[in-house]
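Please look through the structure below with the following report beside you.

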Amino acid sequence: MSETNGTPSAWDEWKALERHHAEVSDRHLRDLFAEDPDRGRRLSLDVLDLYVDFSKNRLTGETLELLRALARRADLAGGIEAMFRGEKINVTENRAVLHTALRAPRGATVEVDGHDVVPDVHAVLDRMGAFAGRVRSGDWRGHTGKRIRNVINIGIGGSDLGPAMAYEALRAFSDRSMTFSFVSNVDATAFAEAVHGLDPAETLFIICSKTFTTLETMTNARTARRWCLEALGDDDAVARHFVAVSTNAAEVSKFGIHTDNMFEFWDWVGGRYSYDSAIGLSLMVAIGPDGFHDMLAGFRAMDEHFRTAPLEHNLPVTLGLIGLWYGDFCGAQTQAILPYNQYLWRLTSYLQQLDMESNGKSVDRGGAAITDYQTGPIVWGQPGTNGQHAYYQLIHQGTKLIPCDFIGFARPSHDLGVHHELLMANCLAQTEALAFGKTAEEVRAEGVPEAQVPHRTFRGNHPTTTLLVKKEITPNVLGQLVALYEHKVFTQGWIWRINSFDQWGVELGKVLAERIVPELQTTEEPDLRHDASTNELIRRFRAFRRA
């Protein structure tokens, strides 16, 4: 791997893209399609179970060539190899970045500091599989001998969003005789609603915390412990109703969980990249070890594609470069992810963390401030067709440039008459309407009163990428989709020369919160030493709480 010197915006390849943008910025998608009847086929990629059409983006073949030249200047290929080899590309924490090792096949070799981590990964997967099998079969029982029927995952951030998203995505593959819930918010309502109506004797808690000291997670875990013991009345019950995903054996044991029921993960896996590790234990219990391994195979297939495909045929690289084009040359600030599949209703929330926590950075890998180009976008969206009756109005006729990813499926998970054709007709129609719009002349031809013509005109030229999955959602397909976005994020972060694998930005607020907690709890008047606004808010909260 070679490190390219200088800010990317100073490179000749970047300046060439700036000049190119000035030349093509006024081109409309109507014209681009009229000039190239084969555009819809030519600007697409067919990779694994995904057919991806990026022809409805405001770019040309030349744009893509210039973007690939930028990727070569940034030594993207060297960065990809460095990540897969286990080099410590997380420079601020001096760590390797090896979420790809979590799905490496048994027998592969991936070394960190001279140690092959693949046997460790598969040892944990084997232990997870054995445990999940015992819970699913009824062999693992609660303290009173009752079968476990409820599983509650307690974590936060990547220890919650990943397994929660994947469980919802793969609910059709889950054991429907069991319930699965995910508690992350320290708001007591989250816990109270998760356990409402449940029998503690039939409930298993999976506590996910690397250090077993995370404030929000351990607050919820201790509340779960009290809830369980108040009903079961015996401290020994903890060992049958709690397991841990952690690296801190001492704290896990102190909590009452036997360390035989502690599942390990590693510091070379960031939280937002971790649900295919032991963090996904709740998911494995839900869909079974076979389903979990099928998902890992989907991840692995996209990993191999990303690592080996040339730039012009590389799907994650292509999507990453298109996103970079919009953010850094076209002025877009957001990215909408719009899955037309109800099972993926939490996918965009998951991708928010993946993208925004990874690439929400304003200094480069060397610590220099980034002042002359944008880094990560704001990611948002929800499943179609719901969004069509909410914010699509702004995308169609507002003043913002909002690139959109539409994710559709050729086959439904539930075949109920015309539902799926209606759903996908909406998906495809939206991309057509966004691209081509409706001219004033077309509106007038419909006999619309002249006063309404401006209001019913759609200028079009709104960029979209359509990811059409060749079948229904499956564990393997989910793995492909998630790995695709992981590697898209890596592509962009590498070219921006930022560290996509630390998250110092989440720390400051948590540190300050720990200072404020005792000031809210004390019965004495606290000596407040915050800013004037925060001091007054603390005083008001205390007064309202007492009242």
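A search of the whole structure finds zero disulfides, a disulfide being a pair of cysteine sulfur atoms within 2.5 Å. The sulfur of cysteine 330 lies 14 Å from the closest cysteine sulfur, that of cysteine 404, which is too far for a bond. Cysteine 404 is likewise in no disulfide, and the nearest cysteine sulfur to its own, in cysteine 427, is 11 Å away.

| Residue | Relative accessible area | Class |
|---|---|---|
| Cysteine 330 | 22% | partly exposed |
| Cysteine 404 | 2% | buried |

This is a predicted model, in which local features need pLDDT of at least 70 and side-chain atom pairs count only at pLDDT 80 or more, while totals for chains, interfaces and linings use all residues. Residues are numbered from 1 along each chain as its sequence is written, and side-chain values use heavy atoms, with hydrogens and water left out.

The chain contains 20 helices and 13 strands, which are DSSP runs numbered from the N terminus (helices H or I, at least four residues; strands E, at least two). Its radius of gyration, taken over C-alpha atoms, is 25 Å, close to the 24 Å that the globule rule gives for 547 residues, so the chain is as compact as a globular protein of that length. That rule is 2.2 Å times the number of residues to the power 0.38. Of the 547 residues, 54% count as buried.

Five strands form an open sheet with parallel pairing, in the order S6-S5-S7-S8-S9, where two strands pair if DSSP finds at least two bridges between them. Strand S6 (179-183) and strand S9 (262-263) are the edge strands, each pairing on one side only. Strand S5 (residues 150-154) runs parallel to strand S7 (residues 203-208) and is joined to it by five bridges, and asparagine 150 has threonine 203 as its bridge partner in S7.

Which residues have the most contacts inside the largest nonpolar core? They are Trp268, Tyr275 and Leu478, in a core of 121 residues. Such a core is a set of buried Ala, Val, Leu, Ile, Met, Phe, Trp, Tyr and Cys residues joined through side-chain atoms within 4.5 Å. A second, separate core has 25 residues, including Val183, Phe191, Phe255 and Met262.

Helix H5 (residues 76-85) has seven of its 10 residues buried, so it is largely enclosed by the rest of the structure. The buried residues are Leu76, Gly78, Gly79, Ile80, Ala82, Met83 and Phe84, and what covers them includes helix H4 (61-73), helix H12 (281-308), helix H13 (315-328) and helix H18 (475-496). After H5 comes glycine 86, whose phi is positive, near 90°.

Glycine 280 lies in the loop between S9 and H12 and counts as buried, at 0% relative accessibility. Leaving aside neighbours within four places in sequence, glycine 280 is in contact (heavy atoms within 4.5 Å) with Met128, Ser274, Tyr275 and Phe292. From glycine 280 to isoleucine 89 the separation is 191 residues in sequence and 25 Å in space, C-alpha to C-alpha.

Definitions and conventions
Buried means under 20% relative accessible area, exposed over 50%, partly exposed in between (1.4 Å probe, protein chains only).
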